[in-house]
Amino acid sequence: MEVISGLATARGFAAGPVFVYRGDGDIPVPEYLLEEGAQDAEMQRLAASMLQTRHYLEDMISTLRERTGRKDIRVFECHLMILEDPFLMGEIENWIRKGRLNAEAAVRKVFSAHRAQFGKMNDSYLKERVHDLDDVERRLLKSLSGSSQEPYMELKAPSIVVADDLTPSETVQLPQEYVLGFATNGGSTTSHVALLARALAIPAVTGLGDVTSRVTAGETMLLDGTNGNVTINPDEAKAKEFEHLMRRHRLLTRSCAAGTPAGTLKDGGNVLIFANLHPGIAFEAAKDQGARGVGLYRSEYLWLNHETEPGEEEQYEAYKKAAKFASSLGPDASITIRVLDIGGDKVVRGLTVKEANPFLGNRSIRYLLSNRDVFFTQLRAILRASAHGNVKIMYPMVSCMEELDEAAKILSEAKASLDAEGAAYDREIETGAMIEVPSAALNAEAFARKVDFFSIGTNDLVQYTMAADRGNDMVAHLYQPFNRAILRLVEMTVEAAKKHGIPVAVCGESAADPVAGPYWAAMGVDCLSMSATYMPVMATIFSHLTKSDLEEYAKLPSSLPVEATAAEIQTACRAYIASKVPDFDELTA
Ligand code: PEP
Ligand code: MG
């Protein structure tokens, strides 16, 4: 057994025999001087091959249009544009007419020169476009040489295609019913094989180095496009573990209809599924998993990841990047940037001080209100980033009205300072309160008059309600989201939000819990914000629930004896969801 790591290029899993694809290789390119006066005939030969190539590309576009969406067609539309580029074709004609070169040699000369120019570019996306030129050149040369034999003809059984690299047309020409996955020596996550594999929902791992020389046709390969590795000749235990992964993945993808936004209910209702992100992690996974916005951006990682305190510019750049990313998630997407939440277990050298009870000390908003310069700088940076996307500001660990009033004052000062400089920002920027202290939930009616949204931080809400340190193993059994006290606090928060017409989210870990997440939605929470990896499971669960299921689910705890423990409520809730969602245990294992 051998495991090789590469780039996770198209998500998904595949297991099967290897088919080693040896491409066209180098098509022979004859080069000779034309006899004087033979140029017209050579031009006609070139025109015929261009026409043949054009028909080929048009066929490819219409086949793809039937199979997939617009995105992949663009590759071939781009090839058509190359083919019709008057400048490029003018150069070829020049070589034939003035240089008296045969058509193959003229094509090779011109394409090589352009390829060299693209290859020199620093931009990795543009660099990849060399493959477009390769592909069009190969097509032209092929039709000039009259060759028609395609190497993929030998692929006659479901297999994992292992290749050095694949051009776009090679990728789509492979008979898809037999392609379980792609594993290539070269390539990158932005290469065409990557884009097409994703569009065709075929798992792929690229950048595997010399995988073609490490396998022999017919050997078994396990391909993990989600984590970016392949296993050659797996042992029994590995094969079994992989089979489980594949089954779970099948369950997830089967139930999520393509194009349906994550969080769509069976009967069309909707619960927003947003991502929790922070500086320093790759954002793209959130997009791949269907996030429709960013519900919690933990800004403190800018401090935790760095030796020195980030200044306004550094913060602005980070928030701007995140705001732009969030805008790419859809027309209604937004990003909720939580202001610096340090203290407690988040210790920042030089900023936080040793306290006897750090979780009950100068944490989060309390720290910011006692270090107004830090708060002011951060608010300025967030405001400036709001010019680049739908940004919201969120205050953590609010426990009383004064904190909201004070925060609003500093925000006004930050806005005034930007006004004085004529800087751009969203003047209507929304502000929200995290509900993570019991006093906030009990006071939600009043808080709702002061802010534009709520987000319930169940990690801290459970910690503070149960008086159980969230980081202490000895009291971990008291982490009880289904304790009636927590359910009541969530209910009060949702009621206050509804009464005042503001949205409410849950962004603590329980949002991603397969039993608790749907329960919060049943109680009227509008948005669940969670780590990207949990989104597909949650989306699958919602796709099996209807609005009336949620109404019924909301009433379940109150139908149990009042003295029911959190564990008993949780068990009953789990049984309810499991009865609605096929293969629930497997899905959530
Ligand atoms: C929470 O407390 O639930 C929360 C989301 O905040 P954090 O986990 O960052 O304290
Ligand atoms: Mg918290």
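Tutor: Let us begin with a definition: a residue counts as buried when its relative accessible area is under 20%, and as exposed when that area is over 50%. Please keep in mind, as we go, that this is a predicted model.

Student: Using that definition, what share of the residues in the protein chain is buried?

Tutor: Of the 589 residues in the protein chain, 52% are buried. The chain itself has 25 helices and 16 strands, and its C-alpha atoms fill a box of roughly 95 × 60 × 45 Å along the principal axes.

Student: Is A237 buried or exposed?

Tutor: A237, which is found in helix α10 (residues 236-255), has a relative accessible area of 54%, and because exposed means over 50%, A237 is exposed. In space, A237 and T546 are 39 Å apart from C-alpha to C-alpha, while in sequence they are 309 residues apart.

Student: And is Q378 buried or exposed?

Tutor: Q378 belongs to helix α15 (residues 372-385), and with a relative accessible area of 0% Q378 is buried. Setting aside neighbours within four places in sequence, the residues in contact with Q378 include S299, W303, Y319 and L340.

Student: Which residues coordinate the magnesium ion (ligand 2)?

Tutor: The magnesium ion (ligand 2) is coordinated by E436, through OE, and by D460, through OD, at 2.1 to 2.2 Å. E436 lies in the loop between β13 (430-435) and α17 (438-442), whereas D460 lies in helix α19 (residues 458-466), so the pair ties together parts that are 24 residues apart in sequence. Going back to our definition, both E436 and D460 are buried.

Student: How should I read two helices that pack against each other?

Tutor: In general, two packed helices are described by the angle between their axes and by the distance between those axes. Here, the axes of helix α4 (residues 103-119) and helix α6 (residues 130-145) come within 10 Å and cross at roughly 175 degrees. Because angles over 145 degrees count as roughly antiparallel, α4 is roughly antiparallel to α6.

Student: Which residues make the contact between α4 and α6?

Tutor: Among them are V107, F111 and F118 of α4, together with L133, L140 and L144 of α6. Sorted by class, the contact of α4 with α6 has ten nonpolar, two polar and five charged residues.

Key:
Residues numbered from 1 in each chain as written. Chains lettered and ligands numbered in written order. Predicted model: local features only at pLDDT ≥ 70, side-chain atom pairs only at ≥ 80, totals over all residues. Heavy atoms only, no water. Axes fitted to C-alpha atoms, helices over the stretch in contact; angles between N-to-C directions. Helix = DSSP H or I, 4+ residues; strand = E, 2+ residues; numbered from the N terminus. Parallel < 35°, antiparallel > 145°, perpendicular 65-115°, else oblique. Contact = heavy atoms within 4.5 Å. Nonpolar A, V, L, I, M, F, W, Y, C, P; charged D, E, K, R; others polar. Donors = N, O, S within 2.8 Å, 3.2 Å for Na, K, Ca; no water. Buried < 20%, exposed > 50% of the residue type's maximum accessible area, 1.4 Å probe, protein only.
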